[in-house]
Amino acid sequence: MQRNNLRKWSLLLGAVAIVALPMPSWAQLTKYDLESRMGVESHVGNITGHAKAAKADYRRYCVVCHGELGDGNGESFPWIDPKPRDFQLGVFKCRSTPTGTLPTDQDLFDTLARGLDRSNMPQWSTFTKQQRADLVAWVKHFSPRWTNEKPGTPITIPPEPEVTPERIKAGRDVFARVQCWKCHGVLGQANGPSAATLTDDLGRPIAAYNFTEGARPKCGDTDRDIYRIFMTGLDGTPMPSFADNIKPDEAWDLVFYLRTLMSQNSKEKAMAKQLGLKPVDPNAPAGQQ
Amino acid sequence: MRLSSHSRLRDVSYFGSLVLIAVFVMLACSPRANALPAFARKYGLRCSACHESWPMLNYFGQKFKDNGYQLMNDRDAPIWQSPGYWPVTFRMVSMWHRVSTGKVLVDTYSPGLTDPTGVAIQRITTSGFDLSGLDLHTGGTLDKNISFFLLPSSDPAGSFHFETVMARLDNLFGSPWLNIKLGKFELDNLLSEKRPLTLTGNGGIYQLYHFIPVGDGNIFGQIGDNQLGAELMGHSWNDRTRYSAALLSSNDGTTQLPYGNAYSGFFTASQAFDTGKAGVQRIGFYAMIGQAPTTWRTSGGATGFLPGAAIGNKSFSREGFVGQFYFGQHVDLQVVTQHGQDSAWFGQGYGDLIDGVATLNNTTGTVLPAGSRSPSWNGVLFEPHYIYSPQLIFIGRYETIRMSQQSTPGTPSNLGNISSYTLAFRYNPFMTSRAGFAWHNEYNWLHQDGTGPSLGLTSTNVNTSEVMTGFDFDF
């Protein structure tokens, strides 16, 4: 009797194992899975990128950080901070698309050439456009998200208005209202009360952007780039999208105010100085900065 | 029981086969392929990121160098490094090589006599295990946008000199177009002789970068030697466009101003083009225009040269085109041309007298032999590469230099002409961000017209060959 039970359980476990083991999972992505996605393409302008064509370049330039399987577990993983992106998750900071959606091919293409300041990701601006398009396709082939989802629709950025002292003051109010200071600090020095507690989606400590130290914002340093950053959020990090909390006009006000916090000289900074603009007061009642 | 010679041979063959298979498997199965590990360690990048194949720079590596050894991603200042980080790299080569030099004058002896009784022309062949000199590289940033490079380098016997010593102010006024370097440094040669993929005596240098006509006393136009001076250099954001202009002391990199007060200029400009799937192609030019002394003032006799007091500067020039052509990810071709010209004074044996290169001193009243002309020449080098992977590269090179005008009328027009062929491959069994190792194999054959002894021979051309295999490693 006992022997029969044992045989039955063994058979059952064996059957479960046969069915369950080959099931694909993101955490256990294999080279076999990746081979099957080698046909992935990217489209940037009139250039078509092919994943297969980027294999050698990925191995030459990228694998040391992002790993053979694109899981961010390359040999330099233990020594660098922030940690390399895990492409298998299909989650990217720099997008023109709404939070939670996939970036466009152009977003990834631009990130490659721009690099990511305050990280070990250099500017790969020496590549040809074809090389970059191929690498975008290669990055996409790591995540099943690209086969199941379409990239989001890029957000609309209205034309940049003229900067005025009133707009800068209004931007300060937005900074206070949506509580940017909680992480970035009232002076933009990344020392707000929540700064020390920040972690990314994988639970790793992460620093807020310090506006005052002169580093380029990760996803571009034009006014449009900064607008885009807080309207799309930086997925995978504690920086959320404020698309639901800030109107487009207010977003431009915030851009102008953020410029006053940065170390680089700007007309916004000069205006703020002329105004005698004070930092936000976290204890002031709402709307009374 | 004694084994027969046949079965011993079989055993030896069997053992040899096993060793070969083991070596092959070991090399073939090594997990990954690999530069200046000090930079690789700093940035967590593999050598292959900056090197076509270590040590030759690729486009990204050239941009890194042009930015003053910075990636421009705010991780450049040393403040970002662990306090224990020491930006030092040791590089050396252990090897076996065989050098065969044709037409060497060798003394002959009669039986029982200890003094030579005659001379003969023989080929001298030497082989054995050997070492290269040691390179001690240290470089990087002192602060954001202030870079340095220091390279004490030894000969194989351990005698050191300063090969490179320079500090550089990068991105002045926030512009990549303005960078200033001061010290002793490699000239801005796109095809760098200091990062060669070849290592033999004649194949490890570019003949074009060191050519001196037979009997010429001018050592100061060697664009392959590191020189003392200041350089202004600039480039576009993505390094597609670049230029440099250097003012150099005409002393071929020798410190303590032993010669005179002459200066040279070295100028380059190049433009790269995105050609889609073929890659990035670059074309450019270089020109070295300078003066060097021919008159050596003395004190206490004809050989009592006064240091730094040479005068009688005469001119020289070297100019040419450079092309770096890529044909997809695996094949590229590097091309350098040169037209060179020295003053007739150099051509007649005036020039570097204190090192014994020149034989004559241009003292007051000296006149050149009638009909003396400025020696000139043309040369070209082609260096194709087949990059199977960053771990395995095959290298070929053909160089030829042809005299177009001899200094002395009536001199054979081909005297001193050079042809050089080099074949090599380098295999990096691993590639990490920590160290570099290459199994290097190379053959070079060099032919020069008319520089051998004659002794009644119809041809005085000299052929020299070298074969080597060795381990090139750095850490």
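**What the labels rest on**

Colleague: What covers the buried residues of H5(A)?

Modeller: The cover includes strands S1 (41-44) and S2 (47-50) of chain A, along with helices H3 (55-66), H4 (105-114) and H6 (145-148) of chain A. Bear in mind that this is a predicted model, where local features need pLDDT of at least 70 and side-chain atom pairs count only at pLDDT 80 or more, while totals for chains, interfaces and linings use all residues. Residues are numbered from 1 along each chain as its sequence is written, and chains are lettered from A and ligands numbered from 1 in the order in which they are written.

Colleague: How do you know what span to expect for H5(A)?

Modeller: The expected span is 1.5 Å times one less than the number of residues. H5(A), residues 129-140, has 12 residues and an expected 16 Å; its first and last C-alpha atoms are 17 Å apart, which is close to that.

Colleague: And why is H5(A) called mostly covered?

Modeller: Buried means 20 or more other C-beta atoms within 10 Å of the residue's own (12 or fewer is exposed, anything in between partly exposed, with C-beta atoms placed from the backbone). In H5(A), 11 of the 12 residues are buried, among them A:Gln130, A:Arg132, A:Trp138 and A:Lys140.

Colleague: What makes H4(A) largely enclosed?

Modeller: Seven of its 10 residues are buried, so the rest of the structure largely encloses H4(A). Those buried residues include A:Asp105, A:Leu108 and A:Phe109, and they pack against S1 and H5 of chain A. Just after H4(A), A:Gly115 has a positive phi of about 70°.

Colleague: Why do S1(A) and S2(A) count as paired?

Modeller: Pairing takes at least two DSSP bridges between the strands. S1(A) and S2(A) have four, in the antiparallel sense; therefore they qualify. A:Val44 stands opposite A:Ile47 in S2(A). Two residues lie between the strands of this hairpin, where A:Gly45 takes a positive phi near 60°.

Colleague: What makes a set of residues a nonpolar core, and which residues have the most contacts inside the largest one?

Modeller: A core is a set of buried Ala, Val, Leu, Ile, Met, Phe, Trp, Tyr and Cys residues joined through C-beta atoms within 7 Å. The largest has 52 residues, and A:Val136, A:Ala137 and A:Val139 have the most contacts inside it. H5(A) gives the most to this core, with six residues. A separate core has 33 residues, including B:Met288 and B:Val336. In soluble globular proteins, nonpolar side chains tend to be buried together.

Colleague: Which residues does A:Val139 touch, and what counts as touching?

Modeller: Contact means C-beta atoms, placed from the backbone, within 7 Å. Leaving out residues up to four places away in sequence, A:Val139 touches A:Phe87 and A:Leu108.

Colleague: How many residues does each chain put into the contact between A and B?

Modeller: Chain A puts in 22 residues and chain B 26. H3(A) supplies the largest share of the chain A side, five residues.

Colleague: Is B:Val93 buried or exposed?

Modeller: Buried, because 22 other C-beta atoms lie within 10 Å. B:Val93 sits in strand S3 (residues 88-108) of chain B. B:Val93 touches B:Leu199 and B:Phe471, among others.

Colleague: Why does B:Gln405 count as partly exposed?

Modeller: B:Gln405 has 16 C-beta neighbours inside 10 Å, so it is partly exposed. B:Gln405 is in strand S16 (residues 392-405) of chain B, and its contacts include B:Arg373 and B:Pro375. Between B:Gln405 and B:Thr89 there are 45 Å, C-alpha to C-alpha.

Terms used
Two residues are in contact if their C-beta atoms, placed from the backbone, lie within 7 Å.
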